Amino acid sequence: MNPNKRPEDMERIVTAEQAEAFIEKSVAEVRKQVGDAGVLLALSGGVDSSVVAALLIKAIGEQLLAVHVNHGLMREGESEEVVRVFRDELGANLVYVDAADRFLDKLAGVSDPETKRKIIGAEFIEVFDEEARKAAEGNVRFLAQGTIYPDILESDGVKAHHNVGGLPEGMEFELVEPVKFLYKDEVRVIGRALGLPSSMVDRQPFPGPGLGVRCLGAITRDRLEALRKADAIFREEIVAAGIGDSIWQYFTVVPDMRATGVRDEKRLYAWPVILRAVNTVDAMTATVPKIDWAVLEKVTTRILSEVDGVCRVAYDLTPKPVGTIEWE
Ligand code: XMP
């Protein structure tokens, strides 16, 4: 039997009852696999790692050591929510690493998108490795991962690469992958059954490099802050308009250029904010939703009055192809 093939008799998990049955079975399997050893998990706050964290908290409580690395490129309130839900509400043994300065220092002056991605990825591995080393000095012997079935299928059935990249030499962790046979919709059903909030379970996709690829060109702290605030306003208004569930991904982008504006009868030279929203099935092609004009106007008014350094708002009408979903 191929250990990376979903068992043929495994039924699709749709209902809460099916979720409960899966959770019960999975809890027993994890307990059997790890015994009294510790389990390390990189908890980004994405759907998959959040569901694995909630499942492991149920299975092994404080034997789970969850590490949340804030790379300074998270959306507004995101890291705080990870801490609130997992540490305060679920009682997780959570290490919060504020690595924003480390990431932003490494990224200073770097404008090439792929170089930015590489720096963010490499720095993430470095920060997580430091935590893994500390954990391995204790009783931590396992590494949990939010691998899901499409990750395995995309890697041709070969063991999925773990999201955190390589671990330092000499550290042998056995993998714990409790949702590796599940599809995304099933992972969400499990997450709901475990009591995770909708803001986590139904979250739109967010790229690993985060706001780093939406603050175009060389990232500066002031432009990053404007981007974060504008993004929060756009998300808030989309949800308030009741259309959050009908748009696959929506966010803002701030280019590394300025445009002319006028405020209080004085000319100013400030950043534009670009609103980007797409609908897609597989992210390979995408269309642009016809967001109601009144919603776009409200977002524009709020961004112009609430976000410092911004004098213009544009809505990107470009489908994919030709434009990719992200701007970098
Ligand atoms: P593009 O821009 O290629 O995006 O049309 C397709 C989907 O992939 C996401 N994306 C990324 N996700 N790391 C990620 O984890 C990345 O570097 C990255 N770049 C793009 C993007 O948000 C969209 O959902």
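Entry 1, the surroundings of Leu40. I worked on a predicted model, and I began by listing what Leu40 touches once residues up to four places away in sequence are not counted: Leu65, Val67, Phe128, Ala132, Ala135, Val140, Phe142, Leu143, Ala144 and Phe173.

I then asked which members of the largest nonpolar core touch the most other members. Of its 50 residues, these turned out to be Leu40, Leu224, Leu275, Ile291 and Ile303. Helix H9, which covers residues 221-240, gives the most to this core, with 7 residues. I noted that the core lies between domain 1 (16-201) and domain 2 (214-315), because both of them give residues to it. Apart from this core lies another, of 42 residues, and I wrote down Val39, Val82, Leu94 and Val176 as being among them.

I followed strand S7 (residues 259-263) into strand S8 (residues 266-278) and found that the two run antiparallel and are joined by 5 bridges. Looking up Gly261, I found that its bridge partner in S8 is Leu268. The hairpin has 2 residues between the strands, and Asp264 takes a positive phi near 50° there.

Which residues are around the ligand? I listed Arg117, Pro207, Gly208, Pro209, Trp248, Gln249, Lys320, Thr324, Ile325 and Glu326. A polar side-chain atom of Arg117 lies 2.6 Å from a ligand oxygen, and an N or O atom in the side chain of Glu326 is 2.5 Å from an oxygen atom of the ligand.

The side chain of Glu328 reaches the backbone nitrogen of Gly217 at 2.7 Å. Leaving aside neighbours within four places in sequence, I found Glu328 in contact with Ser111, Pro113, Lys116, Arg117, Gly212, Val213, Cys215, Leu216 and Gly217. I marked Arg117 in this list, as Arg117 is in contact with Glu328 and is also one of the residues around the ligand.

Key
Residues numbered from 1 in each chain as written. Predicted model: local features only at pLDDT ≥ 70, side-chain atom pairs only at ≥ 80, totals over all residues. Heavy atoms only, no water. Core = buried A, V, L, I, M, F, W, Y, C linked by side-chain atoms within 4.5 Å. Buried < 20%, exposed > 50% of the residue type's maximum accessible area, 1.4 Å probe, protein only. Helix = DSSP H or I, 4+ residues; strand = E, 2+ residues; numbered from the N terminus. Domains from an automatic or database assignment. Contact = heavy atoms within 4.5 Å. Pairing = 2+ DSSP bridges. Near = heavy atom within 4 Å. Polar contact = N/O pair within 3.5 Å; in protein donor to acceptor, adjacent residues only side chain to side chain.
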